[in-house]
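Subject: Structure handover

Hello,

Here is the structure you will be taking over. Please open it next to this message, as the notes below refer to it throughout.

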Amino acid sequence: GLVDQELLYDSLGFPMANGKTVKGWLVEACADILAGLDKQSTEVLKESADRLFGKPGDGLDETLLFIGDAHFLDEIREQEAQEFEDTKRRWSQDMPADQYEAVNRNIVNYYNKKVKLNKESYSRIRYQTAIEDTGVAKDGSLRAIRVINRGNTLVSELQYFGSEENERNDFALLCAVVSCVRRIGLNRTRGLGRVKCSLSMNNDNVFFERHINTFVNFVGTILKED
């Protein structure tokens, strides 16, 4: 009842986004790119788009790109998980039989407090209301939404199952799509959800920049031919 629009959280209370949502961001950005190019460029890139994101009605097995959930950095989540497990183990050692229920209740309360603390540390509540033409707030329009604090980083794992023959074009489009994801969330049209996205491949520090340049050169070549 406190918040009208909540975030999605993992088991430790860290804000997250599921893979389907992340894919939606990418598909929307890809559609914007294709809509902004000429017909010839679009026809070539559409093949890569279909391989990466599939066509309407395709199942999960018909796309070549797996998109995982977007989580906070693993080192942050693992540290929190390890701290909870250490506390749980310490309280559970040599537990007298008559204190079993009390200790377990304390462990559950400790876990719930940690989850609540993480929610409050990495997000906040913002309030919005509609304004009448007279400048007065409209009755019943006050809404409370929870937003992720600025400066946090979420990571999503992507796996590509395409062929080496197509990966150059597919990676070029994918990197361009990722770079065009600028705002996310339900209130992105109201000034919220501004993000900066990039893509990395193992230990290749220039993967993102290299394929962005490939995409720019490809589009430039097509335009020159026209």
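Predicted model: local features only at pLDDT ≥ 70, side-chain atom pairs only at ≥ 80, totals over all residues.

Core. The largest nonpolar core has 30 residues, and the members that touch the most others are F53, V177 and F215. At least two residues each come from α1 (19–35), α2 (39–53), β3 (65–72), α5 (164–179) and α6 (207–225). The largest share, 8 residues, is supplied by α5. Leaving aside residues up to four places away in sequence, F215 touches I33, L37, L45, A172, L173 and A176. As general background, nonpolar side chains in soluble globular proteins tend to be buried together.

Helix α1. This helix is 17 residues long and reaches 24 Å from its first C-alpha to its last, close to the 24 Å expected at 1.5 Å a residue. Its buried residues are G19, V22, L26, A29, C30, I33 and L34. These lie on the same side of α1, because they cover an arc of only 140° around the axis. K20, D32 and A35, on the other side of α1, are exposed.

Cavities. There are 2 cavities of 30 Å³ or more. The largest cavity has a volume of about 60 Å³. Its lining consists of V44, L45, S48, N169, A172, L173, T214, F215 and F218. α2, α5 and α6 each contribute at least two residues to that lining.

Regards

Conventions: Residues numbered from 1 in each chain as written. Heavy atoms only, no water. Core = buried A, V, L, I, M, F, W, Y, C linked by side-chain atoms within 4.5 Å. Buried < 20%, exposed > 50% of the residue type's maximum accessible area, 1.4 Å probe, protein only. Helix = DSSP H or I, 4+ residues; strand = E, 2+ residues; numbered from the N terminus. Contact = heavy atoms within 4.5 Å. Expected span 1.5 Å × (residues − 1). Arc of directions from axis to C-beta. 1 Å grid on protein atoms, 1.4 Å probe; cavity = no way out; pocket = protein on both sides within 12 Å on 5 of 7 lines; lining within 4 Å. Points joined across faces, edges and corners; volume = space filled by probe spheres on them.
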